[in-house]
Amino acid sequence: MKEQNKNKVRRKKGSLKQKEALMGYLFILPWLIGVLIFVLRPLVQSFGFALSKVKMTPKGRISTFIGLQNFTQILQEDETFPTELGAYLIKTIIAVPVIVVFALIIALLLNSKIKGKGVFRLIFFLPVIIASGPVMTQLVDQGAGSIPSINTSAISSMISFLPGILEDAIMSVFENIVMYLWYSGVQILIFLAAVQKIDTSLYEAAKMDGGSTWECFWKITLPTIKPMILLNAVYTVVFLSNNEQNTIITTIKDAMFGTTGSKGYGYASAMAWLYALVVTLLVAAVAAFLVMKKDVYQKQAKKVRKAQKKEERLLKKLERRGEKYEQQKLKKAAR
């Protein structure tokens, strides 16, 4: 009877997991269809352009296969694109922690007991809706992306000992600090949702044991929302890489419609693929940096789970031995 009940429970769990998996696939099905129709074909086509010399004529597009010549020309002859890639990497590496930390601080403040929390949340999310596209371009052109009270010349003199590309990247972050903070609206919402899901009993138990607010943040809040930190970091990298203020995207557009014979669709496609490779490597590096360092409490929890599984296996073995022993007894009694 016990085995039958266990089998029924396992079947129910299995069917529940299958239903959950099916619902998950149905949930992402529109996205998969969109990728297959609108993303996969242009990707393949752009890679074909990157390996060809493309000419636009009155009769149509003419493509001549040239292999990796576009890539070698970019890396060996182009003076601006590799420099812009290096500047992009440094700017992104500096800007991502600034945006993520700011979003986390604001999310914690908005989660505290203050009046008018809904209004403040709206204020911090409004730039995501309003300040985008041409609006953001106009604001940046008018100097709205920086704080006038920040003395950038003093900051520049303090970091003048650094290499030029690194100094320019740091100064760019300070000069556009307001713009970077405007980019934190989505991250604030993600952190806010994660913080609100933390069980309040954990904080109550920690305070009963004498834990301070600072200790609760480091021991409870931060380990709990660690997956959201990874999500926000990756999202920020992708957002900054595809932002309308990114000079690399402008460079690729200019190369695509360039009038010189050495540029065009093929050259611009090669630039786009090199840029995509750099962005992918940066995302992988950010993910590896945040995933590699495992939490101490997770390690302890894994050890406890392993010990529990060992105990369960030993109990099952003992039960099986006991059942065999009982069966042997019954056989002997029957004889």
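**Exercises on aromatic pairs and the nonpolar core**

W273 is partly exposed, at a relative accessible area of 28%, where buried means under 20%, exposed over 50% and partly exposed in between (1.4 Å probe, protein chains only). The model is predicted: local features need pLDDT of at least 70, side-chain atom pairs count only at pLDDT 80 or more, and totals for chains, interfaces and linings use all residues. Residues are numbered from 1 along each chain as its sequence is written, and side-chain values use heavy atoms, with hydrogens and water left out.

**Exercise 1.** Determine how many aromatic pairs the structure holds, and classify the pair of F47 and W273.

*Solution.*
- Step 1. A pair of aromatic rings is described by the distance of the centres and the angle of the planes.
- Step 2. Rings of Phe, Tyr and Trp (its six-membered ring) pair if their centres lie within 6.5 Å; planes under 30 degrees apart count as stacked, over 60 as edge-to-face and the rest as tilted.
- Step 3. The structure holds 7 aromatic pairs. In one of them, F47 and W273 lie 5.2 Å centre to centre with 75° between the planes, an edge-to-face arrangement.
- Step 4. This pair links distant parts of the chain, 226 residues apart: F47 belongs to helix 1 (residues 2-50) and W273 to helix 14 (residues 265-292). Helices here are DSSP runs (H or I, at least four residues), numbered from the N terminus.
- Step 5. F47 is partly exposed, with a relative accessible area of 39%.

**Exercise 2.** Explain why the pair of W214 and W218 is edge-to-face, and state how each residue is exposed.

*Solution.*
- Step 1. The ring centres of W214 and W218 are 5.6 Å apart and the planes stand at 70°, so the pair is edge-to-face.
- Step 2. Because W214 and W218 are 4 residues apart in helix 11 (residues 213-224), about one helical turn separates them.
- Step 3. W214 counts as exposed at 60% relative accessibility, whereas W218 counts as partly exposed at 43%.
- Step 4. W214, F217 and W218 form one aromatic cluster.

**Exercise 3.** Identify which residues of the largest nonpolar core touch the most other members.

*Solution.*
- Step 1. A nonpolar core is a set of buried Ala, Val, Leu, Ile, Met, Phe, Trp, Tyr and Cys residues joined through side-chain atoms within 4.5 Å.
- Step 2. The largest such core has 47 residues, of which F81, Y88, F191, I225 and Y275 touch the most other members.
- Step 3. Helix 3 gives the most to this core, with 12 residues.
- Step 4. Contact means heavy atoms within 4.5 Å. Leaving aside neighbours within four places in sequence, the contacts of Y275 include F81, L85 and Y88.

Methods:
Helix = DSSP H or I, 4+ residues; strand = E, 2+ residues; numbered from the N terminus.
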